[in-house]
Amino acid sequence: MAISIDQERLFSRQLLLTEMDDAAQARIRAARVLVIGAGGLGCPATLFLASAGVGHIRWVDADRVELSNLPRQILYGPADVGRLKVEAGADRLRALSPLCEITTEAVHANARNLPGWIASADLVLDCTDRFETRQTINRLCVAARKPLVIASVIQWSGQLLVVDPEWPEAGCYACLFSPETQGADAACGAFGVFSSAAGLMGTMQAHEALKRLAGIQKSAPQLHLFDAKGLQLQSIGLTRSASCPVCGS
Ligand SMILES: [Zn+2]
């Protein structure tokens, strides 16, 4: 049976904040977010984006659920093993947050399919774990002037970086890590990852995205380095590199 959802009541605790109002909630509701990756970052990130009121998520991932994914990829259960991640995840999100419209793309993100999806998005989340894909996403988002929230996690260490066209002097992912360097891929299959560390980073990614969509975040983005074992967050100001092949002069 369909249940009508009173949105004022649904989001009432968020709306109590002085930084929030109906217009900010409406901006979140109107937002179209592209999420690339449906693993340990993409699951908690989409869970919070959808539950906090984002109106549309396009979710890209070609992988299928494996048993070893379940401790981090909290939208899936044992019955989902073998299913496409985006399909199993979208079913779960639709049940939890029926106001959120979800479009699934069960393919690998690449330089051919991403430009159209980025063009129609208000904000992009990079939840992948591939260096080359991350560089492609960064380059295309900078070119399209779309805000990009990047996260990564390995073992106990997480990184979070926002690339925001409103703050071009803060630089981009390629200012930090040159696309010329050979893949710094650190897949958790090889090095391990603590389950909740991935959850924290994916949640932080959604958190930064939601603040920007609501129009709350008005400061220059920084690189955040998170030590999940000692629970320490280090934030470093970024400056655009003049020699950056993506955003440099
Ligand atoms: Zn750059």
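This is a predicted model: local features need pLDDT of at least 70, side-chain atom pairs count only at pLDDT 80 or more; totals for chains, interfaces and linings use all residues.

Modeller: Residues are numbered from 1 along each chain as its sequence is written, and side-chain values use heavy atoms, with hydrogens and water left out.

Colleague: What makes strand β5 mostly covered?

Modeller: Buried means under 20% relative accessible area, exposed over 50%, and partly exposed in between, with a 1.4 Å probe and protein chains only. Of the 7 residues of β5 (residues 148-154), 7 are buried. Strands are DSSP runs of E of at least two residues, and helices are runs of H or I of at least four, numbered from the N terminus.

Colleague: Which residues of β5 lie on each side?

Modeller: L148, I150, S152 and I154 are on one side, with V149, A151 and V153 on the other, and all are buried. In a regular strand the side chains alternate between the two faces of the sheet.

Colleague: How do you know that β5 pairs with β4 and with β6?

Modeller: Two strands pair if DSSP finds at least two bridges between them. Strand β4 (residues 123-126) is joined to β5 by 3 bridges, in parallel, and L125 has V149 as its bridge partner. Strand β6 (residues 157-163) pairs with β5 over 7 bridges in the antiparallel sense, and there L148 has V163 as its partner. β5 and β6 form a hairpin with 2 residues between them, and Q155 in the turn has a positive phi of about 55 degrees.

Colleague: Why is the unit of β4, α7 and β5 called right-handed?

Modeller: A crossover is right-handed if, with the strands pointing away from the viewer, the path from the first strand over the helix to the second runs clockwise. The β-α-β unit of β4, helix α7 (residues 131-144) and β5 has this hand.

Colleague: What makes a space a cavity, and how many are counted?

Modeller: On a 1 Å grid over the protein atoms alone, a cavity is a set of points where a 1.4 Å probe fits but cannot get out; lining residues have an atom within 4 Å of a point. The count is 1 cavity of 30 Å³ or more. The largest cavity holds about 40 Å³ of space, and R32, V33, L34, H56, R58, W117, S120 and A121 line it. β1 gives the most to this lining, with 3 residues.

Colleague: Why is the pair of W156 and F194 called stacked?

Modeller: Rings of Phe, Tyr and Trp (its six-membered ring) pair if their centres lie within 6.5 Å; planes under 30 degrees apart count as stacked, over 60 as edge-to-face and the rest as tilted. The structure holds 3 aromatic pairs. W156 and F194 lie 4.3 Å apart, centre to centre, with 20 degrees between the planes, so their pair is stacked. W156 lies in the loop between β5 and β6 and F194 in the loop between α9 (188-191) and α10 (195-214), so the pair ties together parts that are 38 residues apart in sequence.

Colleague: What makes the pair of Y173 and F177 tilted?

Modeller: The ring centres of Y173 and F177 are 5.2 Å apart and the planes are at 45 degrees, so the pair is tilted. Y173 is buried, at 7% relative accessible area, whereas F177 is partly exposed, at 29%. Ring pairs link F131, Y173 and F177 into a cluster.

Technical notes:
On a 1 Å grid over the protein atoms alone, a cavity is a set of points where a 1.4 Å probe fits but cannot get out, and a pocket is an open set with protein on both sides within 12 Å along at least five of seven lines; lining residues have an atom within 4 Å of a point. Grid points are joined across faces, edges and corners, and a volume is the space filled by probe spheres set on the points.
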